[in-house]
Amino acid sequence: MRAEPPRRKRRRSLLGWLVRFILALGFWAAAAGVATFAFVWFTLAQNGVFQIPEREPGILILASDGTELAQRGTFFGDSVNIEALPDYVPNAIIAIEDRRFYSHHGIDPWGLGRAMLTNLRGGRMSQGGSTLTQQLAKNLFLSPERTLNRKLQEAVLAVWLETKFSKDEILQLYMNRVYFGGGANGIDKASRAFYNKGPEELTIMEAATLAGLLKAPSSYNPAKNPEEARQRATLVLQKMVEEGYISEADRQQALASATNTTPADYVPATQYAVDWIVDQLPLFTKDTKESLVVETSLDTVLQLKAEASLRKRLADNGKKLNVSEGALVMLDATGGVKALVGGRSYKKSQFNRAVKAKRQPGSAFKTFVYLAAIEAGYRPETVEVDEPIRIGNWTPENYTQRYLGPVTLETAFALSINTVAARLGQAVTPAAIAAVAHRLGIVSQLGTDATLALGTSEVTPLELTSAFVPFANGGYAVEPYVVTRIYTKSGKVLYQRQGDGLGQVINNNDLGAMNILLRAVVREGTATKAEFGNLDIGGKTGTSQDYRDAWFIGFTPYYVTGVWMGNDDNSPTKKVTGGSLPALVWKDVMEEAHKGLEPRVLPGEMQAPQTDEPVYADQTPSDAMENDPQLSNEEDVPEAQPRKRKRGLFARIFGIGENDPPIIERRPRKDGTLY
């Protein structure tokens, strides 16, 4: 038999080899991918990551009428329900961030491939391939680091989210947790921060603008970068048209609409009060894992009015008068804080000047000097001499640098005459003045030298205002408060304010005398700009040296309000006095506060003098003889005689005449003291 020739081996084609190689490579790559996916899944499961993290307990702060003042943390949790929003709000986010959201399962290979191709063509990273679900996974579970391990975890968690929740639930969770910039997490806070409205009230243009923020919150912030934000929003609107979410007519109308974005430097001044409230919470409650509701004494209308007035007065006059800052505190007769503004702009400066800034009160402190004098036996009609005085090395001068001669204490107080206050301060002693101030509510440490009479010791606006409350409420000291009740979200009461103040610190007679003086300041003295309506108003202006601080603390039987203006660097203003801008701000706010209130008379009733004998500046004649027996035996010291009053220009202007209390000559004893 003939042998068969050997068979020739068929050569494998290059194409077939390549196909098989690719298939094998794909198989092993898939196997490796599955193994990696399983490993990451197992690791995350072991670490207990597969559960939506609870949000930190929040704080809801309410005004006295129950309206919301602020939220801290996440009191309402994931509160926005997607079904309550206009369709274009979530659709704007889908159109620009993940147009295949409803068709993928957490990871979008087509979207990833498209993003890679676009980035390669552009030579830079201009698009990301993460889906909304992946972004949510990153926000909920992961750190912002850019590593391969984190991207693998993100993909695994995205798939887990897709298996655990519906598409609408994922989208709702995303909208409640994602960061929109400006300190706003979630669509609710973002809409309120940028447009001062809830997300259900957003227009198409506003929704597109917020959706555009997600790519770069700082770059597309509509308050800080309105042009960039509009360009981004225009792109979002175009994508919405392409996806069929809105019509071309809707897009054109949205572009033509106006959007009123909250100014970039504007954060409500209520935040000063909110910060102060939050700082106090540890004093009232222990650590709790439940969200809290904090009820306060604040009045939203008065709070907004106080902020608006302070900002406007500073905007209109600040530059020309070189005054840049201010603070306001408004209390009711029990010490409850009705309004508190700690500065011109919370956005620019979070320092709460109303509570923390210690400034010289200037002549506003004379209130305590005169009260100490009234308690020592002086009366509003007591006459002192306005003339140059030297106390040690100190020579106080008047604001006008002129001297009026003999004046009643009422006139001296109304015109804020420094020399008379200095004399009274020496007569009653700085220690007695400090004791009076502390008794009424001043808590800062006070000096012990003669200059205390002119307000050289620093105090805060809050404590100075609270120290004036006794003049409005019948003589009772108060401790200023803002928190009235605290309870948990479930309703458990943790704190309820109780108590009626610190007791009476001014008797009715002395209160009546002081309110005669304090009334005169507003009616005919340095604070006439504060007067309005037919209300009984008292108060005191204050201006520190070189016009560095300007104060007006004024009150009615209903409210006490203190206003301070100056500069944080303690530089002088251009002659801003307490009777100018501070008095005008005071009037703005107090007029609003007294709408619809019946006028009342300030408390206190001064008794008539028991004798018609001349009233001495430092003591009555009988007191002088009783306290200094040696004086009564001195025949060479003549009895003090009243001299007839001369009616000069000052007397004619202020109504001082022959029928007014007589002027008493101050005569020296042998030891050099005066009687």
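Reply: Apart from neighbours within four places in sequence, valine 522 is in contact with Ala527, Thr528, Glu531, Ile537, Gly538, Gly539 and Phe552, where contact means heavy atoms within 4.5 Å. This is a predicted model, in which local features need pLDDT of at least 70 and side-chain atom pairs count only at pLDDT 80 or more, while totals for chains, interfaces and linings use all residues. Residues are numbered from 1 along each chain as its sequence is written, and side-chain values use heavy atoms, with hydrogens and water left out.

Valine 522 belongs to helix H19, residues 508–524. Helices (H or I, at least four residues) and strands (E, at least two) are DSSP runs numbered from the N terminus. With a relative accessible area of 1%, valine 522 is buried; buried means under 20%, exposed over 50% and partly exposed in between, with a 1.4 Å probe and protein chains only. From C-alpha to C-alpha, valine 522 lies 9.8 Å from phenylalanine 532, which is 10 residues away in sequence.

Serine 191, in helix H7 (residues 187–195), is also buried, at 0% relative accessibility. Beyond four places in sequence, serine 191 touches Asn196, Lys197, Gly198, Pro199, Leu202 and Leu210. The C-alpha atoms of serine 191 and leucine 210 are 7.8 Å apart, across 19 residues of sequence.

Two further buried positions make polar links. Threonine 408 sits in strand S9 (residues 405–408) and has 12% relative accessibility. Its side chain makes a polar contact of 3.1 Å with the side chain of threonine 411. A polar contact is a pair of N or O atoms within 3.5 Å; within protein, one must be able to donate a hydrogen and the other to accept it, and residues adjacent in sequence count only if both atoms are side-chain atoms. Serine 580 is in the loop between strand S14 (559–566) and helix H20 (581–593), with a relative accessibility of 17%. The serine 580 side chain reaches the backbone oxygen of threonine 577 at 2.7 Å.

Next, a helix pair. Helix H14 (residues 366–375) packs against helix H17 (residues 430–440) at about 105°, with axes 8 Å apart. Axes are lines fitted to C-alpha atoms, for helices over the stretch in contact, and angles run from 0 to 180 degrees between N-to-C directions. H14 is therefore roughly perpendicular to H17, given that 65 to 115 degrees counts as roughly perpendicular, under 35 as roughly parallel, over 145 as roughly antiparallel and the rest as oblique. On the H14 side the contact includes Phe368 and Leu371, and on the H17 side Ile433 and Val436.

Overall, the protein chain has 23 helices and 16 strands, and 49% of its 675 residues count as buried.
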